[in-house]
Amino acid sequence: MARGKQSNKPQRTPKVHRAVVTRTVDDFEAAFWPDERPVDNAVVMTMGALHQGHAALIRAARKQVGPEGRVAVTVFVNPLQFGAGEDLERYPRTLDDDVKLAEENGADVVFAPSVDEVYPNGEPQVRLAAGPMGERFEGATRPGHFDGVLTVVAKLLHITDPDFALFGEKDAQQLAVIQRMVADLDFDVEIVGVPTVREEDGLALSSRNRYLSAEERERALVLSKALFAGRDVAAQGPKAVREAAAAVLDTAEGVTLDYLALIDPHAFTEAADDFQGEAVLAVAAKVGSTRLIDNVHVICR
């Protein structure tokens with residue numbers, strides 16, 4: 001057809017993928033396995049307030065299971081992983097927008113249960129313990145946090161029964177303790193880590209970014225800048241990595257550092273000065289009243 005010429009043929013409306021929204025375990029199971037179990041299925045667990053980082057997880061899940069597989073997204077703000085004084089009550093709840101993003105990126109079912117549905121007998125008396133891996137770094141600042149994470153992840157793995165569960169690498173310690181739980185307790189699921197998604201200026205996407213004022217958001221960029229500075233000198237060894245990242249953070253205003261650590265990803269312990277191989281350079285800090293975390297993978301020589 002010549003350029004600029006209009007076709008008289010009726011235009012087809014693109015097919016819109018619709019995700020089924022479920023609130024109970026029974027409804028989820030009926031929607032996720034309407035006939036027989038598909039060849040492969042995957043779950044992406046979230047606390048809602050979905051953004052493009054979550055979209056990347058859902059797309060990765062779809063790619064993992066293929067067009068004939070099934071993808072579930074859970075949306076549940078888990079009270080067990082919030083400590084005293086944390087933002088449980090003000091944590092954003094945006095289910096309508098979450099469902100739209102989920103279905104646009106390939107989810108078949110959204111499971112958005114109430115607290116009573118997940119914990120029908122009230123606050124659970126028996127919980128999983130993250131052990132020493134969960135007591136360092138994030139666990140030291142937020143005691144019991146990873147016990148709450150593992151307890152709800154275990155429950156949701158039982159409910160959704162996936163072949164694959166996908167988690168973002170931005171929450172590096174969370175990914176590590178979940179992988180260890182699955183290995184130690186023989187869960188029949190493959191845990192897949194998905195790389196961190198960033199804004200063009202380097203800020204890691206997070207549901208908590210919406211708490212930042214424009215000025216605070218600008219200040220928050222120092223976190224990724226510090227991580228990139230450390231990564232750039234990784235060939236010089238762990239000491240150079242730490243020093244380069246710390247030097248950037250020392251220039252920060254309005255940022256209260258919690259920790260900067262170069263971590264051996266296997267045991268999730270601080271890497272020794274003679275460490276060689278892949279490590280995680282992680283940072284946690286408050287920008288204003290908002291606590292942010294970020295990390296990058298580095299190869300120490």
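Predicted model: local features only at pLDDT ≥ 70, side-chain atom pairs only at ≥ 80, totals over all residues.
Directly after helix H2 comes Gly-66, a residue whose phi is positive, near 80°. Helix H2 itself spans residues 52-65. It contains 14 residues and extends 20 Å from its first C-alpha to its last, close to the 20 Å expected at 1.5 Å a residue.

Which residues of H2 are buried? They are Gly-53, His-54, Ala-55, Ala-56, Leu-57, Ile-58, Ala-61, Arg-62 and Val-65. The cover over these buried residues includes strand S2 (41-46), strand S3 (70-75), helix H3 (95-104), strand S5 (164-168) and strand S6 (190-194). One of the buried residues, Arg-62, also belongs to a network of salt bridges together with Arg-70 and Asp-108.

The strands just mentioned lead to a sheet. Strands of a sheet pair through backbone hydrogen bonds, either parallel or antiparallel. Here six strands form an open sheet with parallel pairing, in the order S1-S4-S3-S2-S5-S6. Strand S1 (20-22) and S6 stand at the edges; each has a single partner strand, so one side of each is left without a neighbour in the sheet. On average, neighbouring strands of this sheet are turned by 25° against each other, direction ignored.

Helix H6 (residues 145-160) touches S2, S3, S4 and S5, and its direction makes about 150° with that of S2. Helix H3 lies across S1, S3 and S4 and runs at about 160° to S3.

Helix H3 contains Glu-103. Is this residue buried or exposed? Glu-103 counts as buried because its relative accessibility is 11%, and the cut-off for buried is under 20%. The side chain of Glu-103 reaches the backbone nitrogen of Ala-19 at 2.9 Å.

Strand S9 (residues 277-287) pairs with S10 in the antiparallel sense over 11 bridges. In this pairing, Leu-281 stands opposite Val-296 in S10, while Glu-278 has Ile-299 in S10 as its bridge partner. S9 and S10 form a hairpin with two residues between them, and Gly-288 in the turn has a positive phi of about 65°.

Strand S9 also pairs with S7, in the antiparallel sense and over eight bridges. Here Leu-260 has Val-283 in S9 as its bridge partner. Eight of the 11 residues of S9 are buried, so this strand is largely enclosed by the rest of the structure.

Side chains of opposite charge can pair when their charged atoms come close. How many salt bridges does a search of the whole structure find? The search finds 15 salt bridges. In one of them, the side chains of Arg-208 and Asp-87 meet at 3.0 Å, N to O. This pair links distant parts of the chain, with Arg-208 in the loop between S6 and H8 and Asp-87 in the loop between S3 and H3, 121 residues apart. Both Arg-208 and Asp-87 are buried.

Arg-291 lies in strand S10 and Asp-258 in strand S7, so the pair ties together parts that are 33 residues apart in sequence. Asp-258 is partly exposed, with a relative accessible area of 32%.

A further example is the salt bridge between Asp-171 and Lys-170, in which the closest N and O atoms are 4.0 Å apart. Asp-171 counts as partly exposed because its relative accessibility is 28%, whereas Lys-170, at 15% relative accessibility, counts as buried.

Key:
Residues numbered from 1 in each chain as written. Heavy atoms only, no water. Pairing = 2+ DSSP bridges. Helix = DSSP H or I, 4+ residues; strand = E, 2+ residues; numbered from the N terminus. Expected span 1.5 Å × (residues − 1). Buried < 20%, exposed > 50% of the residue type's maximum accessible area, 1.4 Å probe, protein only. Contact = heavy atoms within 4.5 Å. Polar contact = N/O pair within 3.5 Å; in protein donor to acceptor, adjacent residues only side chain to side chain. Axes fitted to C-alpha atoms, helices over the stretch in contact; angles between N-to-C directions.
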